[in-house]
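Colleague: I have a few minutes before my next run. Can you walk me through this model?

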Amino acid sequence: MMTRPEGATEAPADDVKHLQACINDLISVLALPAIWTGHGSAHVLRTLLDAFLGMLRLDFAYARLIEGPDAPPIEVARAAPPRDVASRPQEVGAALAVYLEGGESAGATRVPNPLGPGDVSIAPFRLGLDDEAGILVAGSRRPDFPTKFELLLLRVATNQAGISLREVRLLDEQRLERQHVEEERRTLATLVEHSPDFIGMATPDGRVIFINPVGRRLVGLGDTEDLGSTRMVDWIADDDRERFLTQVLPSLMRDERWEGVTRFRDLRTGAVIPMLQSAFVIKSPRGNHPRLLATIGRDMTEHRRAEMALRAAQAELAHVSRMATMGELASSLAHELNQPLAAVVTNGSACLRWLDRDEPNIEEAMQAVQRIVRDANRAADVIAHTRALLRRSTAEKTLLSVTEVAREVLALVHPEVLRHRVVILESLANALLPVLGDRIQLQQVMLNLVLNGIEAMMEVSDRSRELAIRAEPYRLEDGSAVLVAIQDAGIGLSPESRERVFDAFYTTKSQGLGMGLSISRSIIQGHGGRLWATANPRHGATFQFALPCAALPVV
Ligand SMILES: Nc1ncnc2c1ncn2[C@@H]1O[C@H](COP(=O)(O)OP(=O)(O)O)[C@@H](O)[C@H]1O
Ligand SMILES: [Mg+2]
């Protein structure tokens, strides 16, 4: 279909025909979007230019579209046969570039023909809704190009194309977004698949809907076995199920989080698996109701085993260190034993003498025997204490009074105290709440601290060697506690050594093992308490520990 030069005088019949042709062209242009749906931008431009060349007497048409800052521009060109520029639109674009800088112009511009000799009229149009999107140029050698109708047609079609191109772009973006989301979903799924931890999900009413491969293996499900009617409770060990249903689940639903240990069981072997769980509620995107229950859990079996091995090793070490401490005490212990034993001998001889008389003095003899019994008991006590400390014992926690333990330790170090002319200042509260602890271990801690204090004062000669021992009520973050402080007037602690002294094998003594404080700290921590050191304002150091009081049953 051809348009006519405007302004030519025509017969009315011709006018009608011309108008019909124009309307047909317009209708074709309006139908273009229908063939564009589902295609990319390049297709839209190619068919648009083809339509232009088919409808208007053009020599060429060119379009360039910039789809984004990173994408190369799409360029399309068409020329009236026999010329063919479809394969080299860039050349047309380059030849026109200087004339297109001003963008869209209302009328025609006469420029040198980019495809051959002579001049052409060009009509540039903005393509797309923002200026940057692109440009479309139609060119014709006709001096009357473009006529008003051609201008109208080109503008309508270009607008249509603009809308379609935007749609294409939006669809592309949506597709990319979907791809992106899908990729992300797959990445997350891979993470879950490869997680060494148990990951599972269930509906709020307890039906299991997902479990990762590690989880499957853990509870004895095959890789492909259908979860079907599996329920969360099926995995909980029999003796933990009650607690799971009455405490764990309700608290998860209430707080939307639950952390702690639950006991799973292997569905095939029945073996119990302690699991450290971090469970949480996944809520529906809209509304507030729980959509899924999820948990990430870790098999604690290995951890428990390692913990037990560690505890055994610690006990072993504590034992060795006790032996070493007792070795240090041996000479004064011998001395301590010597006294009652010598007294036994003396009293024994006296007793014999009282009895050996013509008229035996039974009264005196009995008194001597009583003294023998008393001294022998004293010796037996010392030996019993020593034996208890040397006994290889696993921790055995009982309710005990730290004051009592402190008194026992003071009795044990009594000879050492005398030997080093140390003055003990005792301030032990009697009515302290009991702690749940291992007597031997706590004795060991106090023995260490007291001996360290005595040793720290060995070189002190310009002041009295005072060792103060206090036991008093205290508060830890989570409740009532007792504090035991052992304060010496010795060489003291430098700020740097205040923490280092707790390191294993840190010692400044030629005969030292350097294990005392490190073991003491682990014992106190094993009792849920804290052990720390401070420097005194004037002389010496204070080592103190706090232990939580045992929760007493309410009577
Ligand atoms: N009361 C104290 N005053 C000053 N220094 C101390 C005191 N207690 C411990 N230390 C320092 O901490 C080190 C480590 O103590 P410890 O672990 O009991 O091992 P050891 O007594 O075998 O050296 C000691 O060698 C000493 O240097
Ligand atoms: Mg020590």
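Colleague: How many helices and strands does the protein chain have?
Modeller: The protein chain has 13 helices and 17 strands. Keep in mind that this is a predicted model.

Colleague: What share of the residues counts as buried?
Modeller: 29% of the 555 residues.

Colleague: And what about contacts between residues 24 or more positions apart?
Modeller: They account for 61% of the contacts with a separation of 6 or more.

Colleague: On to the ligand. Which residues are closest to ligand 1?
Modeller: Asn452, Thr507, Gly512, Gly516 and Leu517 are the closest. In total, 23 residues surround ligand 1.

Colleague: Which elements give two or more residues to that shell?
Modeller: Helix H11 (439-456), helix H13 (516-526) and strand E17 (541-548). H11 provides the largest share, four residues.

Colleague: How do the shell residues divide into nonpolar, polar and charged?
Modeller: Ten are nonpolar, eleven are polar and two are charged.

Colleague: New topic. How far apart are the end C-alpha atoms of helix H1?
Modeller: They are 37 Å apart. H1 covers residues 12-36, and at 1.5 Å a residue its 25 residues should span 36 Å, so the two values agree.

Colleague: Where does H1 bend?
Modeller: At Leu30, by about 25°. A proline, Pro33, follows within four residues.

Colleague: Which residues of H1 are buried?
Modeller: Asp25, Val29 and Trp36. Their cover includes helix H2 (41-55) and helix H4 (148-194).

Colleague: Two of those are four places apart in the numbering. What does helix geometry say about such spacing?
Modeller: An α-helix has 3.6 residues a turn, so residues three or four places apart point the same way.

Colleague: What comes just after H1?
Modeller: Gly38, which takes a positive phi of about 85°.

Colleague: Now the other helix I marked, H10. Where is its kink?
Modeller: At Val413, and the kink is about 55°. Val413 comes shortly before the proline Pro415.

Colleague: What span should H10 have, and what does it have?
Modeller: Its 18 residues should span 26 Å at 1.5 Å a residue. The end C-alpha atoms are 26 Å apart, which agrees.

Colleague: Which H10 residues are buried?
Modeller: Val402, Thr403, Val405, Ala406, Val409, Leu412, Val413, Pro415 and Glu416. So both the kink residue Val413 and the proline Pro415 are on the buried list, by the cut-off of 20 or more other C-beta atoms within 10 Å.

Colleague: What follows H10?
Modeller: Arg421, with a positive phi near 50°. Arg421 is a residue other than glycine. It lies in the loop between helix H10 (402-419) and strand E12 (423-428).

Colleague: Is Arg421 buried or exposed?
Modeller: Arg421 counts as exposed, because it has 10 C-beta neighbours inside 10 Å and the cut-off for exposed is 12 or fewer.

Colleague: Which other residue has a positive phi although it is not a glycine?
Modeller: Glu256, at about 65°. Glu256 sits in the loop between helix H7 (238-255) and strand E8 (257-265). It is partly exposed, with 14 other C-beta atoms within 10 Å.

Colleague: Where are the cis peptide bonds? Start with the one into Pro82.
Modeller: That bond runs from Pro81 to Pro82, with omega near 10°. Pro82 is in the loop between strand E2 (74-79) and helix H3 (89-100). Another cis bond goes from Phe145 to Pro146, with omega near -10°. Pro146 lies in the loop between strand E5 (134-140) and H4.

Colleague: Last one. Where is Leu399?
Modeller: In strand E11, residues 397-400. Leu399 is exposed, with 12 other C-beta atoms within 10 Å.

Colleague: What does Leu399 contact, neighbours within four places aside?
Modeller: Pro434, Leu436 and Ala550.

Colleague: And how far is Leu399 from Ser121?
Modeller: Their C-alpha atoms are separated by 106 Å. Along the chain, Leu399 and Ser121 are 278 residues apart.

Conventions
Residues numbered from 1 in each chain as written. Chains lettered and ligands numbered in written order. Predicted model: local features only at pLDDT ≥ 70, side-chain atom pairs only at ≥ 80, totals over all residues. Near = placed C-beta within 6 Å. Nonpolar A, V, L, I, M, F, W, Y, C, P; charged D, E, K, R; others polar. Expected span 1.5 Å × (residues − 1). Bend = angle between axes of the 7 residues up to and from the residue. Contact = placed C-beta atoms within 7 Å.
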